[in-house]
Amino acid sequence: GNLGEFKPQDLSNILWAFAKSKESHPRLFEKVADHIVDHGNLGEFKPQDLSNILWAFAKSKESHPRLFEKVADHIVDHGNLGEFK
């Protein structure tokens, strides 16, 4: 399947579930991260989606520096940081 068929919340929920259940699947995390990094604009991702995705990576001890950089840049460039609660 194509990851483009998944909504941002779907991706967030999947990674959250793997992290919460302590199930390891590095290829899944890498594929989702690559998809997000290659995704042009993160504007369709809600702050909660991005928070959950980064939390899942941290909790699972998965590393993907490009993902963290892209999300950080998105947050810094965002006009209203009040949405990130």
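Leaving aside neighbours within four places in sequence, Pro 8 is in contact with Glu 44, Phe 45 and Asp 49, where contact means heavy atoms within 4.5 Å. This proline is placed in helix α1 (residues 8-20). Helices (H or I, at least four residues) and strands (E, at least two) are DSSP runs, numbered from the N terminus. With a relative accessible area of 11%, Pro 8 is buried; buried means under 20% relative accessible area, exposed over 50%, and partly exposed in between (1.4 Å probe, protein chains only). The C-alpha atoms of Pro 8 and Ile 36 are separated by 8.9 Å, although these residues lie 28 residues apart along the chain.

The model is predicted, so that local features need pLDDT of at least 70 and side-chain atom pairs count only at pLDDT 80 or more, whereas totals for chains, interfaces and linings use all residues. Residues are numbered from 1 along each chain as its sequence is written, and side-chain values use heavy atoms, with hydrogens and water left out.

**The chain as a whole**

The secondary structure comprises four helices and zero strands, and the order of elements from the N terminus is α-α-α-α. The C-alpha atoms fill a box of roughly 35 × 25 × 20 Å along the principal axes. The chain has a radius of gyration of 12 Å, which agrees with the value near 12 Å for a compact globule of 85 residues. That radius is taken over C-alpha atoms, and the globule rule is 2.2 Å times the number of residues to the power 0.38. Of the 85 residues in the chain, 32% are buried. Among contacts between residues at least 6 apart in sequence, 65% join residues at least 24 apart.

**Helix packing**

Two packed helices are described by the angle between their axes and the distance between the axes. Axes are lines fitted to C-alpha atoms, for helices over the stretch in contact, and angles run from 0 to 180 degrees between N-to-C directions.

| Helix pair | Angle | Distance between axes |
|---|---|---|
| α3 (residues 47-59) and α4 (residues 65-77) | about 150° | 11 Å |
| α2 (residues 26-38) and α4 | about 40° | 9 Å |

The angle makes α2 oblique to α4, while α3 and α4 are roughly antiparallel to each other. Angles under 35 degrees count as roughly parallel, over 145 as roughly antiparallel, 65 to 115 as roughly perpendicular and the rest as oblique.

The crossing of α2 and α4 is left-handed, a term used if the near helix is turned anticlockwise from the far one by less than a right angle, with right-handed used if clockwise. On the α2 side, the contact is made by Ala 33, Asp 34, Ile 36, Val 37 and Asp 38, and on the α4 side by Arg 66, Leu 67 and Lys 70. These residues divide into four nonpolar, no polar and four charged. Here Ala, Val, Leu, Ile, Met, Phe, Trp, Tyr, Cys and Pro count as nonpolar, Asp, Glu, Lys and Arg as charged, and the others, Gly among them, as polar.

A left-handed crossing is also found for α3 and α4. In that contact, Leu 50, Ile 53, Leu 54 and Phe 57 of α3 meet Leu 67, Phe 68, Val 71 and His 74 of α4. Its residues comprise seven nonpolar, one polar and no charged.

**Two lysines in loops**

Lys 22 lies in the loop between α1 and α2. Its phi is near 60°, a positive value in a residue other than glycine, and at 71% relative accessibility Lys 22 counts as exposed. Lys 61 belongs to the loop between α3 and α4. Lys 61 has a positive phi of about 55° although it is not a glycine, and is exposed, with a relative accessible area of 75%.
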